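Look at the sequence and the model below before reading on. The text then goes through surface, rings and charges in turn.

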Amino acid sequence: MDKQELKSLLRLSRDKNKKKSKVDVKWVFTIVIVSFTISFLFSFISQKLMPSLNVIFGIIITLIFVGIGILFDIVGVSVTGADESVFHSMSSKKVRGASVAVKFKKNADKVSSFCCDVIGDICGIISGACGTIITTSLYSSFNFNLLFTGLFVAAIIASLTIGGKAIGKSFAVNNSNEILYNFAKFVSYFNNG
């Protein structure tokens with residue numbers, strides 16, 4: 001291959017990538033609105049529930065938010081690593097959820113962004129807010145040192161979230177087709193896919 005052919009191939013590749021890299025303004029606007037709405041609802045629920053709960057139920061609510069964040073992170077990673085051809089084959093055989101999985105895979109960047117960034121980040125923020133409420137509850141109930149308790153609770157929440165996502169990512173990479181299929185099958189019950 002001579003230099004001219006190489007330059008031509010590189011230019012073609014660069015031009016192809018430029019077309020793909022256009023920002024989808026409609027998607028960005030939609031995701032901002034959806035993020036605001038979900039964040040507002042989750043925050044409202046946690047702010048209404050958490051202060052009236054005892055410490056044990058507060059910890060359970062926090063763990064639920066951490067778990068939701070980890071679960072959606074797993075889905076977001078698996079949709080990017082799944083093999084679309086498997087779902088086309090399943091879809092041709094009318095397997096429930098396969099057509100939804102194809103749609104998810106075709107929009108992997110958006111699905112991954114929604115799952116990992118929107119849901120995952122919102123759950124991280126809400127679990128942090130729940131941690132603050134747990135800290136003040138521990139302080140008022142047991143008169144623990146406020147600074148140490150706050151640091152300890154925040155560190156536990158962060159380590160559970162990060163550790164859970166690390167395990168989840170490895171699991172998602174190794175089982176991406178199965179995870180995407182099961183998630184798509186679950187979603188198909190709500191949209192008749």
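**Surface, rings and charges**

Helix α3 gives the nonpolar patch its largest share, six residues. This is a predicted model, in which local features need pLDDT of at least 70 and side-chain atom pairs count only at pLDDT 80 or more, while totals for chains, interfaces and linings use all residues. Residues are numbered from 1 along each chain as its sequence is written, and side-chain values use heavy atoms, with hydrogens and water left out.

The patch covers about 940 Å² and is made by Ile56, Phe57, Ile59, Ile60, Leu63, Ile64, Phe148, Phe152, Ile156 and Leu160. Patches are built from residues with over 30% relative accessible area and no salt bridge, joining like charges within 9 Å and nonpolar side chains (Val, Leu, Ile, Met, Phe, Trp, Tyr) within 5 Å. The accessible areas come from the Shrake-Rupley method with a 1.4 Å probe, and for residues only the protein chains shown count as cover. At least two residues of the patch come from each of α3 (55-81) and α7 (146-174). Helices here are DSSP runs (H or I, at least four residues), numbered from the N terminus. One member of the patch, phenylalanine 148, lies in helix α7. Phenylalanine 148 has 55% relative accessibility and therefore counts as exposed; the classes are buried under 20%, exposed over 50% and partly exposed in between (1.4 Å probe, protein chains only).

The next topic is the aromatic rings. A pair of aromatic rings is described by the distance of the centres and the angle of the planes. Rings of Phe, Tyr and Trp (its six-membered ring) pair if their centres lie within 6.5 Å; planes under 30 degrees apart are stacked, over 60 edge-to-face, and the rest tilted. By this rule there are seven aromatic pairs. Phenylalanine 36 and phenylalanine 40 form a stacked pair, because their ring centres are 6.1 Å apart and their planes stand at 25°. Phenylalanine 36 is exposed at 58% relative accessible area, and phenylalanine 40 is exposed at 52%.

Phenylalanine 72 and phenylalanine 183 are edge-to-face, because their planes stand at 80° with the ring centres 6.3 Å apart. This pair links distant parts of the chain, with phenylalanine 72 in helix α3 and phenylalanine 183 in helix α8 (residues 176-191), 111 residues apart. Together with Phe104, Phe72 and Phe183 form one aromatic cluster.

Which charged side chains meet? There are three salt bridges, each defined by a side-chain nitrogen of Lys or Arg within 4 Å of a carboxyl oxygen of Asp or Glu. Aspartate 24 and lysine 110 form a salt bridge at 2.9 Å, N to O. This bridge connects the loop between α1 (3-20) and α2, where aspartate 24 lies, with lysine 110 in helix α6 (residues 108-142), 86 residues apart.

Lysine 169 and aspartate 73 meet in a salt bridge at 2.4 Å, N to O. Lysine 169 is in helix α7 and aspartate 73 in helix α3, so the bridge ties together parts 96 residues apart in sequence. Aspartate 73 counts as buried because its relative accessibility is 5%, whereas lysine 169, at 35%, is partly exposed.

Lysine 106 and glutamate 84 also form a salt bridge, at 3.1 Å, N to O. Lysine 106 lies in helix α5 (residues 98-106) and glutamate 84 in helix α4 (residues 84-92), so this pair ties together parts 22 residues apart in sequence.
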